[in-house]
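Please work through each task before reading its solution.

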Amino acid sequence: MTTDTDRATPPLRPRPTTAVHVVVGLVLLLSAPAGTVLIGRATSSREVWPYLAIGAIHLVLLAVVVPGGIGWFRATRAPRLLDAVPALCVAAGAFLSLGLTLVLAEAQGIRGSALPRLRQGVPLAPDLPYLLAVGTAVATLLVVLLSVVLMVRRARSVRDAVGEVRSELTGSMSRLRTRIESGPGPQNVTHAEDGLLSRLLSPVTRLLVVVGAIVSLAALLMFSLTEVDRDTAERLTMVVVFTPAVPMLWAVLESLWRPDEEFGIPMAALYRTIAGPPAIGVIALMPSLLTGLLPPVWTGFSAQHLASIGDGGLVDAGAPVVAFVGFAMLVAAGAGMVGGLVLSVAVVLPVTALFLPGVMVADNELSTRPADRRRNVASVRLLSLLILMIFVFSALIAGAEPGELRFGLAMAALAVLVVLTVAILRTQRVDHEARRRSGHSARVPNPYDPPPQDEDTPSEGSDSERA
């Protein structure tokens, strides 16, 4: 039975975007350029059917985005960021397919001359289908652009959100310091019971992994199914290998605002540096590995690698695509670990020591008494500088010969290391009770720290001593 309230509530237009819409958009993003490449490789002459088939692909993309664009003309709800994802995926597929169509037309000698011939009344057979294919792709891009503009105009809170972002950026570091030192909210902290992937990959990192997988797969398909020069071929292989490293580095950098309950901030960054790259590398490159099992990709990769790169790439000339992608997983994981270590030492640790010293004081089990706060804050900041100087000394001393300027700089760095070590030991004041509970007190002695007072030992002049 329909009530008056139900009649008064208008239906949502357009309907809310779901995961199914996103999956369809991703499928179209992959299938549109892949279908264009397969059609282009199947013909080598000026035939009509390839451009008719490509035009049909573009027509499908246009039919998908038109209802959504019309829906935002009469929208009854505010848009969300997720609403733009399917349309942008379709636009990316149309853009890639359009570029490949232009490459095919250039190879057949009709690009740039099809429209003049059509105007003069002497067109070739593929001229009109080619122009229709290009027109439908451009129409798809225009509809998506119009849809995005309508979404932005419908978002009444856009201007307010921009103002909030600006004000947030103005005082972001002070608010972050207060929030972390007083105990971050549970929504920003990972826990041991969250599971490995949840501790490693935030929602933003998972989205970056999906984007990296799509970019790597697209680069692999372009390398395997198109004819490119040597420089372009090398760039495409580098995109395949190093694109998955981006979410690896982002996961490490996220430790600044996404600490772990067990590890804190610096150790969470190192934890994600070690455990994140292998998992992300496998996830991001698995689609490329499975696609490489297809016969066109398998044979096309071997032929292209042999012709354009040879033995100068990651694998030998003529090696199968599976071997290349498998080795790319190892290289991507290694790049992610090295880059994550650099970020942990050069960014996460100094930022935490400078702006959130209380976190490092607690993580290192130093005294949190007000009388010791300034000394321990100075010690953790010196500690971050000490770790940076260790890397500087290692880089200078490697390959240096006595008598060279580089060797002298390495010795100067070593002297700075010694001074920093002594300064840290003389400055810091440890929390003996916390270290006694964790079992670290006997293993990390500080000769400059005063001995702890045992509460069970009677002091001079006590009642038990006088008795």
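**Exercise 1: the cover of a helix**

The buried residues of H12 are covered by elements including helix H9 (196-200), H10, H11, helix H13 (266-291) and helix H15 (321-355), where contact means heavy atoms within 4.5 Å. This is a predicted model, in which local features need pLDDT of at least 70 and side-chain atom pairs pLDDT 80 or more, while totals for chains, interfaces and linings use all residues. Residues are numbered from 1 along each chain as its sequence is written, and side-chain values use heavy atoms, without hydrogens or water.

Task: identify the buried residues of helix H12 and state how they are arranged around the axis.

Solution. Step 1: within helix H12 (residues 245-253), the buried residues are Ala-245, Pro-247, Met-248, Ala-251 and Val-252 (buried: under 20% relative accessible area; exposed: over 50%; partly exposed: in between; 1.4 Å probe, protein chains only). Step 2: these residues lie on the same side of H12, because they cover an arc of only 165° around the axis, taken from the directions from the helix axis to the C-beta atoms.

**Exercise 2: a salt bridge**

Task: determine which parts of the chain the salt bridge of Arg-199 and Asp-260 links.

Solution. Step 1: the closest N and O atoms of Arg-199 and Asp-260 are 2.7 Å apart (salt bridge: a side-chain nitrogen of Lys or Arg within 4 Å of a carboxyl oxygen of Asp or Glu). Step 2: Arg-199 belongs to helix H9 and Asp-260 to the loop between H12 and H13, so distant parts of the chain, 61 residues apart, are linked. Step 3: Arg-199 is buried at 8% relative accessibility, and Asp-260 is buried at 4%.

Methods
Helices (H or I, at least four residues) and strands (E, at least two) are DSSP runs, numbered from the N terminus.
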